[in-house]
Structure formats: structure tokens, C-alpha cells
Amino acid sequence: MNHKCLQIDSPIGPLVIAGGEGFITHIRFHGLRDPEWIDDPAPFREAERQLRGYLAGERTLFELDVRPAGTPFQQLVWRALLEIPYGETASYGELAKRIGKPAAVRAVGAANGANPIPIVIPCHRVIGSTGRLTGFGGGLETKERLLRLESRQLVML
């Protein structure tokens with residue numbers, strides 16, 4: 001499939017949104033993109049609007065057609081990520097229990113790290129069992145900023 005993409009500047013750095021007509025397959029941090037992706041902003045105007053609204057603290061849910069490619073186990077984990085409410089966090093162990101595989105903590109961590117659509121599929125809401133922030137494709141500073149944004153908005157609601 002020929003992916004189309006749009007790069008946007010954001011408060012957390014440049015983001016690249018990619019996918020097809022009407023759906024998203026990737027969001028990447030630091031402006032990283034595959035060389036075969038074709039610049040075409042038209043399919044991503046709504047995604048851009050919703051991402052900007054989220055980053056401005058004006059949106060708590062996304063209404064986008066996301067189609068992440070992954071294994072059945074990864075898909076299971078990514079669906080569970082979508083169930084973590086805005087402003088809340090879950091540990092890798094809690095997420096493993098939620099999907100009915102309590103011994104699969106490391107596999108859940110790997111699937112979380114492989115999430116191709118961060119922010120919209122909120123992998124930033126997963127933390128270590130001690131409450132410490134753990135790895136994130138956008139960097140721990142970005143993860144902290146996203147969690148702080150969500151907690152600040154909850155206080156303001």
C-alpha cells in the first residue's frame with residue numbers, strides 16, 4: 001500500500017501522521033517517516049485537528065479510523081490500551097491481567113512498545129508497577145508531558 005503522510009509541528013515536537021484515505025496506520029515522533037511515504041495532507045486534516053485539540057487540552061477522546069498492523073496479541077494489547085481512561089494510568093501487570101494473560105507482562109510491554117499509533121492508542125498511559133515512567137517511543141519527557149496534560153485537564157473539568 002502506498003502510504004500518504006502529513007508532518008505537523010506540535011508542542012511535543014514534529015509528528016508524522018500516515019495511512020491511507022480516511023484511516024491512520026502510524027503516528028511517529030521526531031518527524032520520522034518512511035522514505036516511500038508520499039506527502040499528502042488532505043487525508044489527515046481531521047486527525048491533525050483532533051491531535052491539536054488533544055495537545056491543547058480541549059479533547060479527551062479521539063474519533064479516528066485507526067488500523068494498526070500487528071500480531072493478534074499486539075492487537076489485543078492495543079485494544080486494551082484504548083480502554084485506559086483519559087487521565088488514568090495502568091501498569092504493565094494490570095494490562096496483562098485485563099487481557100486475561102497475567103503472566104505475559106513482558107510480552108505486554110513489547111506490544112505496548114510496538115504500538116504504531118501512539119497518543120491516539122494511548123500507550124503513554126502505561127507505567128511501571130512502582131509508578132515510575134518507563135520507555136516510550138517519544139521519550140520519557142514527552143510521556144511525562146502527555147500524562148501531565150491529561151491530569152491537569154481532569155483538575156480543570
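Q: Why is A107 called partly exposed in this predicted model?
A: The relative accessibility of A107 is 36%. Buried requires a value under 20% and exposed a value over 50%. Because 36% falls in between, A107 counts as partly exposed.

Q: Where does A107 lie, and what is the C-alpha separation between A107 and Y92?
A: A107 lies in helix 4. A107 and Y92 are 15 residues apart along the chain, and their C-alpha atoms are separated by 9.3 Å.

Q: What makes H30 count as exposed?
A: H30 has a relative accessibility of 51%. The cut-off for exposed is over 50%, so H30 counts as exposed. H30 is found in the loop between strand 3 (23-28) and strand 4 (38-39). Its phi is near 60°, which is a positive value in a residue other than glycine.

Q: Why is I119 called buried?
A: The relative accessibility of I119 is 1%. Since buried means under 20%, I119 therefore counts as buried. I119 lies in the loop between helix 4 (105-113) and strand 6 (126-127). Phi of I119 is near 75°, again a positive value in a residue other than glycine.

Q: How do you know that C5 and C123 form no disulfide?
A: A disulfide needs two cysteine sulfur atoms within 2.5 Å. The sulfur of C123 is 20 Å from the closest cysteine sulfur, that of C5, and this is too far for a bond. C5 is accordingly in no disulfide. The structure holds zero disulfides.

Q: What makes C5 and C123 buried?
A: C5 has a relative accessible area of 1%, and C123 has a relative accessibility of 5%. Buried means under 20%, so C5 counts as buried, and so does C123.

Q: Why is the pair of Y54 and F62 called tilted?
A: The structure holds three aromatic pairs. In the pair of Y54 and F62, the centres are 5.4 Å apart, and the planes make an angle of 40°. The distance is within the limit of 6.5 Å for a pair.

Q: What makes R67 count as lying over the ring of F23?
A: R67 lies over the face of F23, at 4.1 Å from the ring centre. This distance is within the limit of 6 Å for a charge over a ring.

Q: Which residues of helix 1 are buried, and what follows the helix?
A: Helix 1 covers residues 45-55, and its buried residues are A47, E48, Q50, L51, G53, Y54 and L55. An α-helix has 3.6 residues a turn, so residues three or four places apart point the same way. Just after helix 1, G57 takes a positive phi of about 80°.

Q: Why is S91 called buried, and what is S91 in contact with?
A: S91 has a relative accessibility of 11%, which is under 20%, so S91 counts as buried. S91 lies in strand 5 (residues 90-91). Neighbours within four places in sequence aside, S91 is in contact with V126, I127, G128 and S129.

Q: How do you know that the radius of gyration of the protein chain agrees with that of a compact globule?
A: With 157 residues, a compact globule would have a radius of gyration near 15 Å; the protein chain has 15 Å, so the two values agree. Along its principal axes, the C-alpha trace spans about 40 × 40 × 25 Å.

Q: How many helices and strands does the protein chain hold, and in what pattern?
A: The protein chain holds five helices and six strands. Along the sequence they follow the pattern β-β-β-β-α-α-β-α-α-β-α.

Q: What share of the residues is buried, and what share of the accessible surface belongs to carbon and sulfur atoms?
A: Buried residues make up 46% of the 157 residues in the protein chain. The accessible surface comes to about 8200 Å², of which 53% belongs to carbon and sulfur atoms.

Definitions and conventions
Residues are numbered from 1 along each chain as its sequence is written. This is a predicted model: local features need pLDDT of at least 70, side-chain atom pairs count only at pLDDT 80 or more; totals for chains, interfaces and linings use all residues. Side-chain values use heavy atoms; hydrogens and water are left out. Rings of Phe, Tyr and Trp (its six-membered ring) pair if their centres lie within 6.5 Å; planes under 30 degrees apart count as stacked, over 60 as edge-to-face and the rest as tilted. A charge sits over a ring if NZ of Lys or CZ of Arg is within 6 Å of the ring centre and within 35 degrees of the ring normal. Helices (H or I, at least four residues) and strands (E, at least two) are DSSP runs, numbered from the N terminus. The radius of gyration is taken over C-alpha atoms; the globule rule is 2.2 Å times the number of residues to the power 0.38. Buried means under 20% relative accessible area, exposed over 50%, partly exposed in between (1.4 Å probe, protein chains only). Accessible areas come from the Shrake-Rupley method with a 1.4 Å probe; for residues, only the protein chains shown count as cover. Contact means heavy atoms within 4.5 Å.
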